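Hi everyone, thanks for making time this morning.

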Amino acid sequence: MKTLIELDINGRVHEVAVDARDLLIDVIRKKAGLTGTKKGCGEGDCGACTVLIDGKPELSCIKLAIACQGKKITTIEGLVQEGGTLHPIQQAFVDKGAVQCGFCTPGMVMSAKGLLDRIPHPSEHEIKHEMSGNICRCTGYKKIIEAVQAAADVWSEQGVE
Amino acid sequence: MFLNHFEYFAPKTPAETLELVSHLGSKAKILAGGTDLLIVMKSKAISPEYLIDINGVEEFKGILCEPGKGAVIGTNTKLAEIQYSEELKAKYPALAYAAGEVGSSQVRHMASLGGNSCNASPAAETPTPLAALGAKVTLESLSGTRELALEDFILGVRKLDLAEGEMLTKFTLPEPAAKSACRYAYMGRRDAMEIDSVNMAVNIELEPDGETIKSLKLVMGSVYPRPLVSKEVPALLTGQKLSAELVEKAAEAAQGEAKPIDDIRASAEYRREIVKVLAQRLLNDTYQAAKGV
């Protein structure tokens, strides 16, 4: 049986009909049409599906959509800056060459956002520890760590949201 | 991978929750973080008819940690909150550290302390330090409330001392004694997103002389169907001042008590070796910490 619910995704309220068993990742991709968020392993191990829920990084592939009513969901599309420019974290990923095939990138960026919102100047160890739930099978981790560090520097200069 | 159909309930109060738990019984599962539950539902290992989502119940969340009064932690407190809590880091560093080593950042923001115990996996991280710290669980139902030591609550693999209609609502930790310390350590094949091969926590309280062991608790995880509380190590070390020789003996005693199995994560033989290594390391570190060194 479908239930009509409202989901706040990137500040826009989406009215969607969901079954209790519908996963947030599928609703984001198929019903809200936001395909930036990727579905990787489907069992909470790879981090490709990471979105922010009330500012905290969570795994949308093991999250029920119906449980997200009244919460603020942020996906990679929600990071876009005024005038359509890239968010400083995205820009840092581009500048540092931290994107290879790109499949893990949206999850990586959302995890980095969750981390930098909590710790504006993370150490290398903190970056590794807090982003270990995002797997890059191109294995370009060094550049990703550099990108997060570069984003942290911009962050402190601009105080970007 | 999709989930089988189920009916979803989102109670707002403890009373509503207990009503549902009582009414729906074993056909229902409680949804807290879902990081274990949804995985087993996706694999169709279980197909509950009802899910009771307790994330809307404020009373089940939060950490109350006041000086001199121990701590009370709600069942649905997220592991990330425990990892980051300054109060818990100061008073119960073993618990905060263990919570911060579970899964990934995402998992820790979703998963709850109660779930980590109620999942009753022998390899769970937080039950080990909780048992070492003397944590008690509060089990509530419509007909009343009871309290159990955590190590008596977890009976075995996926087995709890939990009657139908009952649910775990909070953990109560006693105030650490003066001249005491508790530490946690683990070993896995790698650091990230790994489930422990062996984990262990040691809690030592010293006599007022600051050297003689007044009481000691050593708890092992992942080497027994439930958190294994050592009987032999306290028998060897209580009333003693720690020496290299005693550490060696105690670590061997712990090794003898552990009953590990071979599985995907490690062999029994390796686990037995690691029990000794972790016991040596933790006994020394915890003793030093209790001495205030």
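Predicted model: local features only at pLDDT ≥ 70, side-chain atom pairs only at ≥ 80, totals over all residues.

For chain B, the pLDDT averages 95, and 99% of the residues score at least 70.

Now, where do the two chains meet? On chain B, 23 residues are in contact with 22 residues of chain A. Strand 1 (7-9), helix 2 (37-42) and helix 6 (105-110) of chain B each give two or more residues to that side. Helix 6 of chain B has the largest share, with five residues. If you sort this side of chain B by class, you get eleven nonpolar, nine polar and three charged residues.

Staying with chain B, the domain assignment gives domain 1 (7-53), domain 2 (58-173) and domain 3 (180-291). The C-alpha centres of domains 2 and 3 of chain B are 21 Å apart. Between them, 22 residues of domain 2 are in contact with 21 residues of domain 3. On the domain 2 side, helix 8 (127-132) of chain B is among the elements that supply at least two residues, and helix 8 gives the largest share, five residues. That side holds 15 nonpolar, four polar and three charged residues.

Finally, over to chain A. Strand 1 (residues 2-9) and strand 2 (residues 12-19) of chain A pair antiparallel over eight bridges, with I5(A) opposite V16(A). Two residues sit between these strands, and in this hairpin N10(A) has a positive phi near 55°.

Thanks, and I'm happy to chat!

Conventions
Residues numbered from 1 in each chain as written. Chains lettered and ligands numbered in written order. Contact = placed C-beta atoms within 7 Å. Helix = DSSP H or I, 4+ residues; strand = E, 2+ residues; numbered from the N terminus. Nonpolar A, V, L, I, M, F, W, Y, C, P; charged D, E, K, R; others polar. Pairing = 2+ DSSP bridges. pLDDT = per-residue confidence, 0-100. Domains from an automatic or database assignment.
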